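Subject: Structure handover

Hello,

Here is the structure I said I would pass on. My notes on it follow below.

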Amino acid sequence: MEKPTELSTLPHFYYSPKILDYSFGPGHPLKPERLRRTIELLEFYGVTPIDPGEGSERDLLLCHDPEYVEAVRHLDPANESAETVEPQRYGFGKGDNPLFAGMFEASLAYVAATASAARAVRNGANLAFGIGGGLHHAHRNRASGFCIFNDPAIACQILLEKFDRVAYVDIDVHHGDGVQFLLYDEPRVLTCSIHEEGRTLFPGTGNVDEIGAEYTSLNVPLSAYTTGDVWLKAFEFGILPALERFAPQAIVLQLGTDTHGLDPLGHIRSDAQHWLGAVRRIKELELPIVAVGGGGYNLETVPRMWTAACLTLGGMEVPETLPDQFASAWSSPTFFDPPTTLQVGQEYADQVIEHLQRRFHPNIPQTA
């Protein structure tokens with residue numbers, strides 16, 4: 001199979017094999033295999049990942065309390081003092097966030113990749129990746145929703161060292177609550193999240209009335225079973241006008257793929273091509289981008305969607321078919337899905353967009 005032009009235009013792709021150690025166990029939905037497959041496919045197209053190194057705990061303190069950072073270290077079953085800290089106090093235990101040996105180092109590894117990408121953009125790069133990150137549910141002092149440290153919020157803080165206005169754009173099926181609330185009172189960051197509404201999906205937040213301290217928290221909640229055509233229009237009419245008015249100088253883009261109809265943890269029924277349409281719209285803004293991963297729990301959809309996003313952001317054409325060896329092994333012959341135009345969820349989406357256009361967009365602070 002003929003390869004597209006090699007991705008030499010992606011020199012800032014940060015990834016550590018230690019991120020594959022971020023695993024809550026074999027029965028947990030968040031499987032490291034999804035990332036391993038993505039890296040393998042990207043390497044086929046010429047990406048050479050850069051190991052960001054061990055990472056710095058100073059980066060964690062940009063968004064997390066020192067007490068919480070120490071608690072994660074001591075809760076790690078690899079640490080002899082693990083039993084001295086109460087797990088439930090910090091969001092750990094059975095369910096979403098069980099303890100696992102090596103969790104502190106594995107968490108620091110994905111933060112290191114995202115922080116390195118953010119510093120590359122801060123220092124002048126137009127595009128950088130921390131595809132193993134995007135863990136947007138972690139809060140200042142507790143883990144939540146498979147997320148221990150909040151690397152997208154850390155990336156925003158790093159970008160603020162150079163840029164006056166930063167936007168965070170989250171296309172995960174789950175509301176980016178951790179990033180929103182960590183930056184809720186920060187008027188220099190516009191947080192934007194398009195997601196399944198909280199009445200039917202974790203974390204239960206992300207309503208249109210969560211507006212931040214100065215109309216800098218934008219939410220586009222959609223009803224369960226909304227199809228990709230409606231989802232993309234809601235993105236275009238809900239988020240893009242807000243970005244135009246806010247005029248950010250850089251963007252952190254969270255690439256959760258779990259809006260896909262085959263994903264087991266959400267109820268939005270998007271397809272790969274409509275999801276990728278939102279990625280293209282962000283690229284067309286011609287702003288510096290820090291691209292991170294996020295949710296996505298179907299091993300057939302995540303690698304092809306993340307790879308398609310990396311190709312697109314890097315200015316490459318996405319091939320119609322996957323390379324033969326991957327198509328055979330993954331039972332997934334194409335990057336894209338059969339086309340559909342079902343327009344499910346349109347009425348609810350229209351109500352949300354009308355509300356945003358009347359009550360939110362006009363109040364977004366503009367540059368002086």
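Is glutamate 284 buried or exposed? Please bear in mind for this and everything below that the model is predicted. Glutamate 284 has a relative accessible area of 55%, and because the cut-off for exposed is over 50%, the residue counts as exposed. Its place is in the loop between helix H9 (272–283) and E6.

An open sheet is formed by 6 strands, with parallel pairing and the order E1-E6-E5-E2-E3-E4. Strand E1 (127–130) and strand E4 (217–222) are at the edges; each has a single partner strand, so one side of each has no neighbour in the sheet. On average, and ignoring direction, neighbouring strands in this sheet are turned by 15° against each other.

Two of the pairings can be given in detail. E1 and E6 run parallel and are joined by 4 bridges; glycine 130 has valine 292 in E6 as its bridge partner. Strand E2 (residues 166–170) pairs with strand E3 (residues 189–196), also in the parallel sense, over 5 bridges. There, valine 166 has valine 189 of E3 as its bridge partner.

In a regular strand, side chains alternate between the two faces of the sheet. For E1, Leu127 and Phe129 point one way, while Ala128 and Gly130 point the other way. Helix H4 (residues 103–122) lies across E1 and strand E6 (289–292), and its direction is at about 170° to E1.

Empty space

Rolling a probe the size of a water molecule over the atoms shows where empty space is left. How many cavities of 30 Å³ or more are there? The count comes to 1 cavity, and the space in the largest cavity is about 120 Å³. Its lining consists of Ile19, Tyr22, Leu30, Lys31, Pro32, Arg34, Leu35, Tyr110, Ile131, Gly132, Leu135 and Trp306. By class, that lining has 9 nonpolar, 1 polar and 2 charged residues.

The largest pocket has a volume of about 200 Å³. It is lined by 18 residues, of which His137, Gly145, Phe146, His174 and Tyr297 are the closest to its centre. The lining of the largest pocket divides into 8 nonpolar, 7 polar and 3 charged residues.

Backbone geometry

Most residues other than glycine have a negative phi, and most peptide bonds are trans. The following entries depart from that pattern.

- The peptide bond from phenylalanine 202 to proline 203 is cis, with omega near 5°. Proline 203 is in the loop between E3 and E4.
- Alanine 247 has a positive phi, near 55°. This alanine is in the loop between helix H8 (240–246) and strand E5 (250–254), and at 34% relative accessibility alanine 247 counts as partly exposed.
- Serine 331 also has a positive phi, near 55°. Serine 331 is in the loop between H11 and helix H12 (346–360), and with a relative accessible area of 62% this serine is exposed.

Buried loop residues

Where does threonine 301 sit? Its place is in the loop between E6 and helix H10 (302–313). Threonine 301 has 0% relative accessibility and so counts as buried. Leaving aside residues up to four places away in sequence, threonine 301 touches His260 and Leu262.

Leucine 322 is in the loop between H10 and helix H11 (324–330). Its relative accessibility is 1%, so leucine 322 counts as buried too. The C-alpha atoms of leucine 322 and serine 332 are separated by 7.5 Å, and these two residues are 10 residues apart along the chain.

Regards

Methods
Residues numbered from 1 in each chain as written. Predicted model: local features only at pLDDT ≥ 70, side-chain atom pairs only at ≥ 80, totals over all residues. Heavy atoms only, no water. Pairing = 2+ DSSP bridges. Helix = DSSP H or I, 4+ residues; strand = E, 2+ residues; numbered from the N terminus. Axes fitted to C-alpha atoms, helices over the stretch in contact; angles between N-to-C directions. Contact = heavy atoms within 4.5 Å. 1 Å grid on protein atoms, 1.4 Å probe; cavity = no way out; pocket = protein on both sides within 12 Å on 5 of 7 lines; lining within 4 Å. Points joined across faces, edges and corners; volume = space filled by probe spheres on them. Nonpolar A, V, L, I, M, F, W, Y, C, P; charged D, E, K, R; others polar. Buried < 20%, exposed > 50% of the residue type's maximum accessible area, 1.4 Å probe, protein only.
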